[in-house]
Amino acid sequence: MYDIKALYEAESVPHAIQLLLEHPEAQIIAGGSDVLVQIREGKRAGKELVSIYGLDELRGVTLEEDGTLRIGSLTSFSHITRDPLIQRYINVLGQAVDQVGGPQIRNIGTIGGNTCNGVTSADSASTLFAWDAVIELTGPDGVRRVPIEAFYIKAGQVDLRPGELQTGILIPKAAYEGYQGHYIKYAMRNAMDIATTGCSVNVRLSADRQTMEDVRIAYGVAGPIPMRARTAEGAAKGQPTTRQAVRSFARTVLEDVNPRDSWRAAKDFRQHLAVTLAERALTESILLAGGVIHE
Amino acid sequence: MSKQYKLVRCTINGKQVEKMIDVRASLTDMLRDDYRLTSIKKGCEVGECGACNVLVNGECFNSCIYLAVWADGKEILTLEGLAGPNGEISDIQQAFIDEAAVQCGFCTPGFIMSATEILASGREYSDDEIRKQMSGHLCRCTGYENIFRAVKKTMLRRLGKNAEADAV
């Protein structure tokens, strides 16, 4: 038995909003692989819960009329990985969430929960940052759309206002069209581990595939929340696809990242990882985009 | 607050059932305490060890971090559901015995249910894919190699590749 004060099950999005307004102290529970574990640990014990797990309308991936890729917030990691639209337009997201926990966790864990808990190590977050994802929030005043970088406020805290729940994650067409990306999770073991550092890169090459027209890079566990490395991005834009340009880009990330010492890894090691993963992930992205690395 | 209950209707191992369930119960609690299905083990109870793994609508879930009320309307398969009409064990269970993939047995039902999801797909998986699909379980008797062989052999036999299975 879980130490739960009361459980309210939402039957629709408006009902969920109503329940959240009626019970302002309540915690939203989606798949529960964070919330239930925290209850077991005592951290969230004795609280009221509003369960949105039953809201099937928040599951699945669709393509909107303007080409925006829409991921329902309750879509499980395993369903994202298997989804044909994800595989076609942003395969790296499916690969990234296929590295979360283990198979059972990927069946219960939702992408909405992964982003709403506000942790820096979330395997989906760095890729969503790197692809300019937009978070859709539905609340008493209607729908609000927030760029994911603005959604994260600080470690463990996101811009989720009273009565609001996250209903979707949107990838605009301009953000994915012509881009190819790669995610690398560095952890101590292959399964059931949290990223020591995660790095997601994507690139758009010029028509002749010799120049990096645009490069985007984001990290998990390089700071208190997931983050973009904008200085490095700026340094890579317009550069030829040479080994030297890729290395120079990778070294520049040190101007952006701000990892800390923790029991998982030392700051020095995480800085080393940030550079190494940037080089490898950009190299792979260029190859995926049909380019070559000139030595 | 007074105790809160909800009527949970679901199919467990092919049988339609319903009971009033305490909303604080995990699916592990419901299956063990209300339905006496003790193949579901309480290991870590935080979704790390896989000893409580069951299939819900054909997908593996750690029932310890799955609220029992969410099972309403779902089809649940536990190890008990693998038995034939006269209590015969299934091919994957027999393979665990043949390969000595069982030592203390605590992790076994969870492993077998993950194997059941893999085998139900009818696909042939590479060794790495099998290892990845089985990676949500801990075996403290360190029997992983034997478990891997049991799953791989059963997969190959179901695909009619008996000679390959014998060579594993």
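A residue is called buried if 20 or more other C-beta atoms lie within 10 Å of its own, exposed if 12 or fewer do, and partly exposed in between, with C-beta atoms placed from the backbone. This is a predicted model, in which local features need pLDDT of at least 70 and side-chain atom pairs count only at pLDDT 80 or more, while totals for chains, interfaces and linings use all residues. Residues are numbered from 1 along each chain as its sequence is written, and chains are lettered from A and ligands numbered from 1 in the order in which they are written.

**View 1. Two loop residues with a positive phi.** B:Glu45 is not a glycine, yet its phi is positive, about 60°. Look for B:Glu45 in the loop between α1 (27-34) and β3 (53-56) of chain B; helices (H or I, at least four residues) and strands (E, at least two) are DSSP runs, numbered from the N terminus. B:Glu45 counts as buried because it has 20 C-beta neighbours inside 10 Å. In chain A, A:Arg209 also is not a glycine and has a positive phi of about 60°. A:Arg209 sits in the loop between β12 (197-205) and β13 (212-220) of chain A, and its 13 C-beta neighbours inside 10 Å make it partly exposed.

**View 2. Helices α3 and α5 of chain B.** Here α3(B) (residues 108-120) and α5(B) (residues 144-158) pack at an angle of about 30°, with axes 11 Å apart. Axes are lines fitted to C-alpha atoms, for helices over the stretch in contact, and angles run from 0 to 180 degrees between N-to-C directions. The two helices are therefore roughly parallel (angles under 35 degrees count as roughly parallel, over 145 as roughly antiparallel, 65 to 115 as roughly perpendicular and the rest as oblique). On the α3(B) side, the contact is made by B:Phe111, B:Ala115, B:Ile118 and B:Leu119, and on the α5(B) side by B:Ile147, B:Val151, B:Thr154, B:Met155 and B:Arg158. Two residues are in contact if their C-beta atoms, placed from the backbone, lie within 7 Å.

**View 3. What surrounds α5 of chain B.** Buried residues of α5(B) include B:Ile147, B:Ala150 and B:Val151. The buried residues of this helix pack against α2 (91-98), α3, α4 (127-133) and α6 (162-167) of chain B. Just after α5(B) comes B:Gly160, with a positive phi of about 80°.

**View 4. Helices α2 and α3 of chain B.** α2(B) and α3(B) pack at an angle of about 130°, with their axes 10 Å apart, and are therefore oblique to each other. B:Ile92, B:Gln93 and B:Phe96 of α2(B) meet B:Thr108, B:Ile112, B:Ala115, B:Thr116 and B:Leu119 of α3(B).

**View 5. Where chain A meets chain B.** In this view, 23 residues of chain A are in contact with 27 residues of chain B. On the chain A side, β1 (4-9), α2 (35-41) and α6 (103-108) each supply at least two of the touching residues.

**View 6. Helix α13 of chain A.** Among the buried residues of α13(A) are A:Leu273, A:Leu277 and A:Ile286. Their cover includes β11 (180-186), β12, β13, α11 (230-236) and α12 (243-252) of chain A.
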